[in-house]
Amino acid sequence: MFCNCTWHRRDFLKLAGGASTLAALGAPAALAQGASGKGRGRAAGGLPARGEYLIRAGHVLTMDPVLGDLPAGDVHVRNGTIVAVGPRLAAPGARVVDARDRIVMPGFIDTHWHLWCTALRLAIRADDPQEGYFPTTIRVGRHCTPQDAYAGVRLGVVEGLLSGITTVHDWSHNTVTPEHADAEIQALKDMGVRARFSYGAGQGHAADRPMNFADLARVKQQWMSSDGMLGIGACLRTPGPGGTRGAISVELFRSEFEGIRKLGLPMTIHCGPKNLIDLMGRNELLGPDMLLVHPQGMTPGELKMVGDTKSPYSIAPVIEMSYSAVRNGTIQYSELNALGVPLGLSVDASAATNADFFNVMRARMWSEWQRTGAPLRLKPRRLVELATLEGARLLGIADKVGSLSAGKRADLILVRTADINMAPMGDPYYALAFQGQPANVDTVMVDGRVLVRGGRLAHADVARVVKEAGESARGILARAARG
Ligand SMILES: [Zn+2]
């Protein structure tokens, strides 16, 4: 809720008309401009300006172990930086944001999300072996153009922002060409979200062909930003026996691992296949720069390897209770947590589910409850910590975001607590974990820019984003049907 209504309305109208021009064209800006070299890395512009804000009298969950919670606290933000957090702050000249009846907290941090395929949700049927998430994305991935990648990433990010997600890890396992990489990154930048883009191989990329190291180096050089808004990483394909779908040889896996490490980039890999952790551990391929995904089906020896190497793990509970559970069993959260392994949460595939991070927390809570049989060992505060500060640690950005304290960048959300599904609120962590939903997200600020106000996106036309994503998905499916 903003006190300065004149500013609110004027600014909103200006942005609704003029923002994200290139995004509105539905084409990657870099491609549309035909630009080359360094200039291609520039954001399309059109994002709301940073300013000075005093977020006043909210129930502030700083997630900072020293600052703790402030039931009626203020957050002062100037030019994207949190200047102060505390009760009754003075900030003459700052725009006042009335945060009464709101939780003020760090934005959610996603640690693994295949954004490119978001719009394909219109074709995915989980109960049909031919039309499920995997067969669909594998079948149609190569028919996805850079423009389609842009439309899919933009759709997912917009859904994420409206759900309170301020950082995404774009796990691009369909980087078909350099233009696809540029298009995905352009969508991330146009939407103003903080991100890591992890470069991968396209769907259908030959299992004996290395990934495109030269282009990965170009992307790093061209796009990685010093302002902390965009990090670059790489997705590894899964090694395995010949004939396994998409699996590559251990030799190629090692050479890709070494090539990426030489570039100084963090890596990530899906850990579905049995004994993969054992293979990686024996080949000394685990470590803090290797973000593992799907903690399921590990032997005690494999768990020890992960613990000894402090390899971080991303948990995607919704997918791990559905698609991934079928093959790999329950989520080994408590074992990894006891070993001190860095853990975070993720959406994984909003084409198969959605980008509701409240639901991600809840799925983790319920799956743990069912597994242990004991009432609520995984507490709501820990869930919120996993969804914010721990996610930032996983992505190596906890010095910038993940908690609300002076000196950090202002990635924060306001969640309404007087809404019908939240009121009357007792413990704010219980309210978030048990009752919260994206519809309660009132305000989203990323790096000091207010991207969502009153539950509405400030810088792009959502109806148009949805329309163009639908057209894109139908086009991909039509081309795939023609073969
Ligand atoms: Zn995944």
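## The β2–β3 hairpin

In this predicted model, V77 faces I82, a residue of β3, across the hairpin that β2 and β3 make. Strand β2 covers residues 69–78 and strand β3 covers residues 81–86, and the two are paired in the antiparallel sense through five bridges. Two residues lie between the strands of this hairpin, and N79 has a positive phi near 50 degrees.

## The parallel sheet

An open sheet is built from eight strands in the order β6-β7-β8-β9-β10-β11-β12-β13, with parallel pairing. Because β6 (108–109) and β13 (343–345) each have a single partner strand, they stand at the edges, and one side of each is left without a neighbour in the sheet.

Helix α7, residues 213–223, lies across β8 (194–199) and β9 (230–235), and runs at about 170 degrees to β9.

Helix α5 has 17 residues and spans 24 Å from its first C-alpha to its last, close to the 24 Å expected at 1.5 Å a residue. Since 17 of the 17 residues of α5 are buried, the helix is largely enclosed by the rest of the structure. With residues up to four places away in sequence left out of the count, L161 touches M191, V193, V444, L451, V452 and L457. After α5 comes G164, which has a positive phi near 95 degrees.

Helix α14 runs over residues 357–372, and its 16 residues reach 23 Å from the first C-alpha to the last, close to the 22 Å expected at 1.5 Å a residue.

In helix α17, residues 428–435, the buried residues are P428, Y429, A431, L432 and A433. The elements that cover these buried residues include the helices α14 and α15, together with β1 (52–61), β5 (102–106) and β14 (412–416).

E302 belongs to helix α10, which spans residues 300–309. This residue counts as buried because 22 other C-beta atoms lie within 10 Å, the cut-off for that label being 20 or more. Setting aside neighbours within four places in sequence, E302 is in contact with I277, D278 and G281. The C-alpha atoms of E302 and N275 are 7.9 Å apart, although the two residues are separated by 27 residues along the chain.

Technical notes: Residues numbered from 1 in each chain as written. Predicted model: local features only at pLDDT ≥ 70, side-chain atom pairs only at ≥ 80, totals over all residues. Pairing = 2+ DSSP bridges. Helix = DSSP H or I, 4+ residues; strand = E, 2+ residues; numbered from the N terminus. Contact = placed C-beta atoms within 7 Å. Axes fitted to C-alpha atoms, helices over the stretch in contact; angles between N-to-C directions. Expected span 1.5 Å × (residues − 1). Buried ≥ 20, exposed ≤ 12 C-beta atoms within 10 Å, placed from the backbone.
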